[in-house]
Amino acid sequence: MAQSHLKAVGEILAKHGILVAFILFMIAFALLNPRFINSDNLLGVVRSSAILGVMAIGVTFVVVSGNLDLSVGSMMSFSTIVVLDLHDKLGPLLGIPAMFAMTMALGALIGFLVGYLKLNSLIVTLGMLSAIHGLTLTYSGGKNMDIADKDGTWFGFFGQGELLGVPVPILMFALLAAGLTLVLSKTPFGRKVYAVGGNGVAATFSGIPRARIVFYCYLISSFCVAMAGLIQASRSLGSQNTVGQGLELQVLAAVILGGASLLGGSGTIFKTVIGVLILGFIQNGLLLVGLEFYVQYIVTWVIIILAVWLDIAAKRGQLWSPIA
Amino acid sequence: MNFRKTLVTTTALASFAMVGAAAAADYTIGITQNNVGVDSYQTTYEKAFIAAAEANDKVDAVVLDAGGDVARQIAQMEDLIQQNVDAIIIWPTNGQAVIPAVRKAHNAGIPVIVTNSNIAEEGFDFVRSFSGPDNVTQGARSAEIMCDKFKEMGIENEAQVVQISGQPGYTTAIERAGGFEDRLPEVCPNVTLVETQPGDWNREKSQQVMEAFLVKYDDIDGVYSGDDNMGVGALNAAKAADRAGDIIFVGATNFAVGYEAMGRGEYWGSIYQSPVDDAEAALQTAIDVLDGKDIPFLNYFDTPKITQDNMSEFDKPVF
């Protein structure tokens, strides 16, 4: 009896190694500075992680389908700048959908190149990373974009507002995570995403339209980026052209940390969310502990590698690889 | 980005072609900029430089942009040497890597003026003059602005300050932080700087850093940020936590957002650094060198203090 309990615990550990790692880090930080678990701080970190999180949810689809997306950082800068500009030119009611359309057009372009033309996703999105950055700069003329009348607009709702005591970015993050979890795990489309990423050739022979699935994954990713841009723009009501720069690597780190395979075919939204929270809480925790910031860069990555190791060790049931 | 750069370069080449046709001016001055378009400051700088050169009959300008790329900047230096311009102004993409190119120009008898951010000290022998802001003084002046305000409020003996610095490793960030940290204890010996964290010149990052500071410290009286862009990020965080009213915000490089926040009474002060002054000072330094005037090696242009009290004397920054 006791043994079967142990076995059950072991199975949970193996399945959710990253969750265990997450809880361990939270306890460690809370011991180092009790203010870390202050509810304001916890909510604050989740709120500021929401931007990264929303993007990571979209990229999870792309990664599960066996591709990469390095363009999401530039694309987020683009959508932020565009929505701020259109806010003053068209008003938020028209500006927000227009920005979603423009951002998703970029996603459709990438989806077309990777899905239908079968170009390597690393090269395509690496190219788009700098092409979209150029597009943003051309659009704005290099200037910071700011909403003129910051007090007279309701646009701040998405980034600063609260609904039922919960910050709106967290609600958007949670709703998107729940909705896309259903799509990825419960719909035929979701199963096809796993099939295409797991074994593309087999998927094709099974009659799955591989190109179309990949195309939709990039479309979903760009939708999420547009949402992240909306939160970002609404949070500060103004932005630099480089606001999303470098986020693509953090997003990928969160997705991979959550256990998605770079080769495609595995990964879940829930685990990606855990990956995002780990990154967010590490950054916040190190700040609260008050570590010298040069050291923070090093410690951040030591913790991430530890987390990945814990995850893998739990999966195979031992710390070292049996095959050296 | 490449499209835009090409456009800029092509325009620059076209204007150079026009220089040859007109040939009325006394001096041809070439400039290779760091990365036009990456931020509003550099974009405004370029426009102001071109305007100042056009307004001056003595000068024809060859305006190039390195796009943040060291290799391209070195190639542009060599182009300018080939074209045998009378003087070269360089906004270094990297303080170390451009030194050989600067030396080459110097050896070819072309005076080199460094603008905005200086090159590393090993290269000083090959540079005629540096024209730009004095970042150490800027940091010191920010400390004075903050201290004066604390004295006015009567909290100069207990105030606690946090600092949000620019990108680690950047000269401007290091110099401003150094100026602030050295001057603050001289003017307000009892004010404590409790912590410094980098905001990487990024508003969003600074907002996150400030959120953590607000959780960590119950008592924050002042925030010094390496530029107003970061300062406004910190202000946003404090406003969200309902603590902005208790905190004095001081920045540097007054941005339009900082100027507006000062107008609303939320942000106390900054350092007024105009890209227009920066560009005009660089061109004037080059002209003075060519005129044979005696100019100092470190030719700083003035960057005055700006606070809510005297902001009406300044135009709102265009960036």
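A: Begin with helices and strands: helices (H or I, at least four residues) and strands (E, at least two) are DSSP runs, numbered from the N terminus. The expected span of a helix is 1.5 Å times one less than its number of residues. Residues are numbered from 1 along each chain as its sequence is written, and chains are lettered from A and ligands numbered from 1 in the order in which they are written. The model is predicted: local features need pLDDT of at least 70, side-chain atom pairs count only at pLDDT 80 or more, and totals for chains, interfaces and linings use all residues.

Q: What distance does helix 8 of chain B reach from its first C-alpha to its last?

A: Helix 8 of chain B (residues 228–240) has 13 residues and reaches 18 Å, close to the 18 Å expected at 1.5 Å a residue. In chain A, the 18 residues of helix 4 (residues 72–89) should span 26 Å, and the end C-alpha atoms are 25 Å apart, which agrees.

Q: How many residues of these helices are buried?

A: A residue is buried if 20 or more other C-beta atoms lie within 10 Å of its own, exposed if 12 or fewer, and partly exposed in between; C-beta atoms are placed from the backbone. In helix 8 of chain B, 11 of the 13 residues are buried, including M230(B), G231(B) and L235(B). In helix 4 of chain A, 15 of the 18 residues are buried, so this helix is largely enclosed by the rest of the structure.

Q: Why does W201(B) count as buried?

A: W201(B) has 22 C-beta neighbours inside 10 Å and therefore counts as buried. Its place is in the loop between strand 7 (192–198) and helix 7 (203–216) of chain B. Two residues are in contact if their C-beta atoms, placed from the backbone, lie within 7 Å. Leaving aside neighbours within four places in sequence, W201(B) is in contact with G166(B), Q167(B), D227(B), N229(B) and M230(B). From W201(B) to G231(B) there are 30 residues in sequence and 9.5 Å in space, C-alpha to C-alpha.

Q: Which way do the residues of strand 4 of chain B point?

A: In a regular strand the side chains alternate between the two faces of the sheet. In strand 4 of chain B (residues 112–115), V112(B) and V114(B) point one way and I113(B) and T115(B) the other way, and all are buried.

Q: In which sense does strand 4 of chain B pair with strand 5?

A: Two strands pair if DSSP finds at least two bridges between them. Strand 4 and strand 5 (residues 129–132) of chain B pair in the parallel sense over three bridges, and the bridge partner of T115(B) in strand 5 is S131(B). Three bridges also join strand 3 (residues 87–90) of chain B to strand 4, and these two run parallel. Here I90(B) stands opposite V114(B).

Q: How many residues of chain A are in contact with chain B?

A: There are 28 residues of chain A in contact with 30 residues of chain B. Helix 6 of chain A gives the most to the side of chain A that touches chain B, with five residues.
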